[in-house]
Amino acid sequence: MEGKKVAFPAGEKPADSNLPQYDGDLVAEMSERERTVYEHGVEKFSRLGWKRLTIVLIVEAIALGSLSLPSTFATLGMVAGVICTVGLGLLAIYTSYVVGQVKLKFPLVHHYPDAGRLLFGRFGPVMGRIGFEVINFMLILQLLFLTGSHTLTGAIAWIDITQSGICSVIFAVVSAIILFLLAVPPSFTEMAILGYIDFASIIIAIGITIIATGVESTNAPGGLASVPWSAWPKEGTTFADAFIALTNIIFAYSFAMCQFSFMDEMHTPKDYVKSIWTLGLTEIVIYTVTGAIVYAFVGQEVDSPALLSAGNLMSRIAFGVALPVIFISGSINTVVAGRVVHGRIFKDSPIRFINTPMGWITWLAIIAAGTVIAFVIAEVIPFFNDLLSISSSLFISGFTFYFPALMWFMLIREGEWNSPKNLALGALNALCFVIGVVTLVAGTYSSVTDIIDKYNTGEVRGVFSCSKPN
């Protein structure tokens with residue numbers, strides 16, 4: 001039944017850009033039922049405050065990647081490791097600030113690809129469409145790779161915890177199912193509830209790793225004084241080794257990638273600044289402390305993830321504690337990818353709000369397909385870790401560094417070029433742009449070189465094999 005018609009006042013536009021936009025005396029008409037669905041949908045996806053945004057960003061940003069940093073310190077040395085971790089962290093906070101400024105200035109930007117349309121649309125509508133499609137492809141592919149990496153990490157965790165001879169593919173299937181179930185809630189506000197468990201999980205896992213490695217080193221012959229750590233890069237470090245290590249740090253600061261999507265649910269978007277500073281400083285402290293202390297306790301032979309260096313029993317305990325962060329942090333990547341795809345398919349329909357039977361059916365189908373693709377990627381590609389490094393070099397370098405720099409130059413900058421403020425910010429954004437481009441080129445080169453070396457030495461595992469994932 002059609003029901004009562006509800007119209008927007010003449011000359012006004014609907015608040016949501018996914019609805020058709022109207023000018024002049026044209027109005028958008030909805031049935032009463034459609035209007036109810038719309039209003040409930042807007043309310044459902046507009047509940048995120050800055051504290052919960054911080055938690056959601058923590059879920060996306062701080063995962064077991066933090067436990068790969070001790071091996072990064074082992075490659076770069078203590079001095080370069082600390083400088084790069086702190087310096088790149090501060091730059092990531094700034095570029096996330098720029099991303100937030102774009103969202104505030106252009107509130108109809110829902111996801112990163114929309115920003116790409118704005119950015120490249122300055123060169124014409126065709127370029128705007130190309131920019132949207134390219135960044136859309138980059139974002140979804142990177143998110144699926146991240147979900148796949150958590151599928152593999154989950155398999156490693158189950159193998160280490162159970163110490164069983166079960167085929168690793170079985171554990172990967174179990175991990176994929178858990179990731180799918182945790183991705184069912186479509187709202188980031190709902191995901192934030194799990195974020196508290198996620199954050200406690202990674203902090204406790206890091207604490208166990210630090211304590212266990214410290215006790216083990218203290219009790220070893222010669223004590224802590226005999227641990228072979230160095231302030232400088234280890235001997236024989238190649239350019240590829242050093243840049244892959246640097247890419248690990250850049251990858252750890254990838255929270256700008258999903259920031260548009262998260263801010264789109266905020267009821268007070270301008271409060272995002274509190275979130276990125278809270279998250280950024282938390283990340284810098286956790287990454288620096290974890291990387292430096294575990295490296296100082298274990299030395300050059302530190303494993304990645306570092307909790308494998310905690311000894312057989314303690315690593316099993318640490319992996320058990322880390323299970324929530326493996327799966328909660330992994331599932332939010334599926335949610336973001338699903339929201340981008342689902343919102344695009346149903347951009348002109350209330351189905352996109354996922355508060356009707358058809359909305360839920362299509363949502364479950366999309367996240368199921370994304371999880372399956374992520375699982376296949378994780379199992380079919382035998383050099384997955386290196387391919388993930390390539391995807392990080394290709395994509396995170398843009399999302400975190402050179403795209404925000406371009407946004408400042410083309411969308412945000414105001415006033416005369418030669419003003420002191422713009423000269424200083426111009427230099428800072430130029431630095432971010434250069435870091436991003438160098439990472440894009442050198443990081444990809446280093447990862448490809450490492451893949452070739454692994455093929456030459458026979459280190460690549462078989463497709464869908466039962467061996468322990470790399």
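1. A nonpolar core is a set of buried Ala, Val, Leu, Ile, Met, Phe, Trp, Tyr and Cys residues joined through side-chain atoms within 4.5 Å. In this predicted model, the largest such core has 111 residues. Y112, F262, F399, F403 and M407 have the most contacts inside that core. Several of these residues return in the points below.

2. Confidence should be read before the details. The mean pLDDT of the protein chain is 84, and 86% of the residues reach at least 70. Helix α4 (residues 78-105) has the highest confidence, at 96, while strand β1 (residues 5-7) has the lowest, at a mean of 35. Over residues 1-28 pLDDT stays under 50; for this stretch the model has 53 contacts beyond four places in sequence. Those contacts rest on residues with pLDDT under 50.

3. On the overall make-up, the protein chain contains 15 helices and two strands. Of its 470 residues, 53% are buried. The accessible surface comes to about 19500 Å², and carbon and sulfur atoms account for 68% of this surface. Among contacts between residues at least 6 apart in sequence, 82% join residues at least 24 apart.

4. The aromatic pairs number 17. In one of them, Y112 and F403 have ring centres 6.2 Å apart and planes at 50°. An angle over 60 would count as edge-to-face and one under 30 degrees as stacked, so this pair is tilted. Y112 belongs to helix α5 (residues 112-121) and F403 to helix α14 (residues 384-412), so the pair ties together parts 291 residues apart in sequence. Y112 counts as buried at 1% relative accessibility, and F403 counts as buried at 5%.

5. Y402 and F433 form another aromatic pair, this one edge-to-face, with 6.4 Å from centre to centre and 75° between the planes. Y402 sits in helix α14 and F433 in helix α15 (residues 420-457), so parts 31 residues apart in sequence are tied together by the pair. Ring pairs link Y112, F260, F399, Y402, F403 and F433 into a cluster.

6. A charge placed over a ring is also present. R117 lies over the face of F132, at 4.2 Å from the ring centre.

7. F262, one of the residues with the most contacts inside the largest nonpolar core, touches L48, L53, V56, L57, E60, F188, I332 and V336, with residues up to four places away in sequence not counted. The list includes E60 as well as residues such as L48 and V56.

8. A192 lies in helix α8 (residues 188-219) and is buried, at 0% relative accessibility. Leaving aside neighbours within four places in sequence, A192 is in contact with R52, I55 and V56. V56 is also among the residues that F262 touches. A192 and L48 are 144 residues apart in sequence, but their C-alpha atoms are 8.8 Å apart in space.

9. Helix α3 (residues 69-76) is mostly covered, with eight of its eight residues buried. These are L69, P70, S71, T72, F73, A74, T75 and L76. Their cover includes α4, α9 (239-252) and α11 (272-298). G77 follows α3 and has a positive phi, near 90°.

10. Q163 has a positive phi of about 55° and is placed in the loop between α6 (125-162) and α7 (168-182). I354 has a positive phi near 55° and is placed in the loop between α12 (312-345) and α13 (357-380).

Technical notes. Residues are numbered from 1 along each chain as its sequence is written. This is a predicted model: local features need pLDDT of at least 70, side-chain atom pairs count only at pLDDT 80 or more; totals for chains, interfaces and linings use all residues. Side-chain values use heavy atoms; hydrogens and water are left out. pLDDT is the predictor's confidence in each residue, from 0 to 100. Helices (H or I, at least four residues) and strands (E, at least two) are DSSP runs, numbered from the N terminus. Contact means heavy atoms within 4.5 Å. Rings of Phe, Tyr and Trp (its six-membered ring) pair if their centres lie within 6.5 Å; planes under 30 degrees apart count as stacked, over 60 as edge-to-face and the rest as tilted. Buried means under 20% relative accessible area, exposed over 50%, partly exposed in between (1.4 Å probe, protein chains only). A charge sits over a ring if NZ of Lys or CZ of Arg is within 6 Å of the ring centre and within 35 degrees of the ring normal. Accessible areas come from the Shrake-Rupley method with a 1.4 Å probe; for residues, only the protein chains shown count as cover.
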